[in-house]
Each structure stands twice: as structure tokens, then as C-alpha cells.
Amino acid sequence: MALQGPIPVTFDMVFPHGCYVVGEVEPVKDFDASTNGRFVQARDKQTGEPVWQVAVMDADPTLKPAQKTVAVKILSAVQPVPPAPVAGVPFTPVEFDGVSVTPYVNSNTNRLAYSIRVREMRPVRTGKTGGKEAAA
């Protein structure tokens with residue numbers, strides 16, 4: 001099979017209604033390498049880059065409240081910085097580049113879920129293509 005590892009997708013496939021940063025960018029813990037009192041940051045198995053995580057709220061109006069917030073993992077040598085806040089908006093709109101998903105079965109719900117990994121976090125582009133207006 002040609003698909004092995006994370007599946008490349010576009011930002012609009014994962015977040016067709018956009019998304020907003022609702023948490024801090026934090027390092028992801030490598031649970032196998034960390035010990036009591038010693039934190040070891042996770043590294044991507046394919047690139048070796050450090051893995052960071054940020055909570056985002058999916059702007060899809062059809063989602064249930066419990067489904068709206070998801071963790072996005074960012075592969076970056078340095079800690080990513082979220083875009084600057086937008087005046088008059090309670091949450092910061094954000095887009096991601098280099099998006100991939102890895103399907104897995106959530107052991108709590110026995111349902112298919114996806115781990116979202118990205119290469120870059122950036123401000124929303126204004127006047128983007130695809131017929132969608134960007135959040136201002």
C-alpha cells in the first residue's frame with residue numbers, strides 16, 4: 001500500500017470552517033523517555049524534530065461542544081508562536097501548513113479518531129482562494 005504513516009491533507013479538509021487558538025503552545029511529553037522529575041520532549045519519529053502542541057477550537061457550527069476543542073501537534077525545532085490576537089475577537093484565528101492526520105482508535109470511545117500534525121502555524125490569509133472568505 002502506498003499510504004504509510006501520516007496522511008497528508010490540506011488545512012481546509014480538516015478545518016473547513018476555520019479554527020482558533022484557545023491554549024498555549026506547549027512541548028509534548030515523551031512518556032517512554034521521561035522519568036519522575038525528568039521531562040523529555042517528544043520527537044517526531046520520521047523527522048526527529050521536537051513536537052509541540054496547541055489547543056484549537058474548530059469553528060464548525062455542527063459539532064457538539066465536547067468535539068470542538070482538539071490538540072494540534074506542531075513539528076518545529078523552536079517553540080512556535082501563535083499569531084497576534086485580532087482586535088474585537090475573543091480567540092485568535094489561525095491556519096496551519098503541512099497538515100497530516102494519523103487515524104487511530106480512541107480506546108475510551110472505541111471510535112475512529114485522528115491525530116493532527118502540522119509543520120507551521122500562521123495567521124489566517126485574507127482573500128484566500130477556494131471561495132471562502134478569511135476571518136478578519
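Student: Is Glu-95 buried or exposed?

Tutor: Keep in mind that we're looking at a predicted model. To read burial, check the relative accessible area: under 20% counts as buried. Glu-95 comes out at 3%, so it is buried.

Student: Okay, and which residue does Glu-95 form a salt bridge with?

Tutor: For a salt bridge, look for a side-chain nitrogen of Lys or Arg within 4 Å of a carboxyl oxygen of Asp or Glu. Here Glu-95 pairs with Arg-122, and their closest N and O atoms are 2.6 Å apart. Glu-95 belongs to strand E6 (residues 92-97) and Arg-122 to strand E9, so this pair ties together parts that are 27 residues apart in sequence. Arg-122 is buried as well, with a relative accessible area of 11%. There's a network here too: salt bridges with shared partners join Glu-95, Asp-97, Arg-122 and Arg-125.

Student: How many salt bridges does the whole structure have?

Tutor: A search of the whole structure turns up 6. One of them links Asp-44 to Arg-117, with the closest N and O atoms 2.8 Å apart. Asp-44 sits in the loop between strand E3 (26-27) and strand E4 (51-58), while Arg-117 is in strand E8 (residues 111-118), so the two tie together parts 73 residues apart in sequence. At 8% relative accessibility, Asp-44 counts as buried.

Student: What about Arg-119: which side chain does it meet in a salt bridge?

Tutor: That would be Glu-49, at 2.6 Å from N to O. Arg-119 is in the loop between E8 and strand E9 (120-122), and Glu-49 is in the loop between E3 and E4, so this pair ties together parts 70 residues apart in sequence. Arg-119 has 42% relative accessibility, so it counts as partly exposed.

Student: Now contacts. Which residues does Ser-76 touch?

Tutor: When you read contacts, set aside the sequence neighbours. Leaving out residues up to four places away in sequence, Ser-76 touches Glu-49, Pro-50 and Trp-52. You'll find Ser-76 in the loop between strand E5 (69-75) and E6. Its relative accessible area is 15%, so Ser-76 is buried.

Student: And where is Gly-5 found?

Tutor: Gly-5 is in the segment before strand E1 (7-8). It counts as partly exposed, because its relative accessibility is 46%.

Student: Let's do pockets. What volume does the largest pocket have?

Tutor: About 810 Å³. After the volume, read the lining. The largest pocket has 25 lining residues, and those nearest its centre are Gln-67, Val-70, Leu-112, Ala-113 and Tyr-114. Helix H1 (11-14), E4, helix H2 (65-68), E5, strand E7 (100-106) and E8 are the elements that each give two or more residues to that lining. E8 provides the largest share, 6 residues.

Student: How do the residues of that lining of the largest pocket divide by class: how many nonpolar, polar and charged?

Tutor: There are 15 nonpolar, 6 polar and 4 charged residues. Now try the second largest pocket, which holds about 390 Å³ of space. It is lined by 16 residues, and the closest to its centre are Arg-43, Asp-44, Lys-45, Val-51 and Arg-117.

Key
Residues numbered from 1 in each chain as written. Predicted model: local features only at pLDDT ≥ 70, side-chain atom pairs only at ≥ 80, totals over all residues. Heavy atoms only, no water. Helix = DSSP H or I, 4+ residues; strand = E, 2+ residues; numbered from the N terminus. Buried < 20%, exposed > 50% of the residue type's maximum accessible area, 1.4 Å probe, protein only. Contact = heavy atoms within 4.5 Å. 1 Å grid on protein atoms, 1.4 Å probe; cavity = no way out; pocket = protein on both sides within 12 Å on 5 of 7 lines; lining within 4 Å. Points joined across faces, edges and corners; volume = space filled by probe spheres on them. Nonpolar A, V, L, I, M, F, W, Y, C, P; charged D, E, K, R; others polar.
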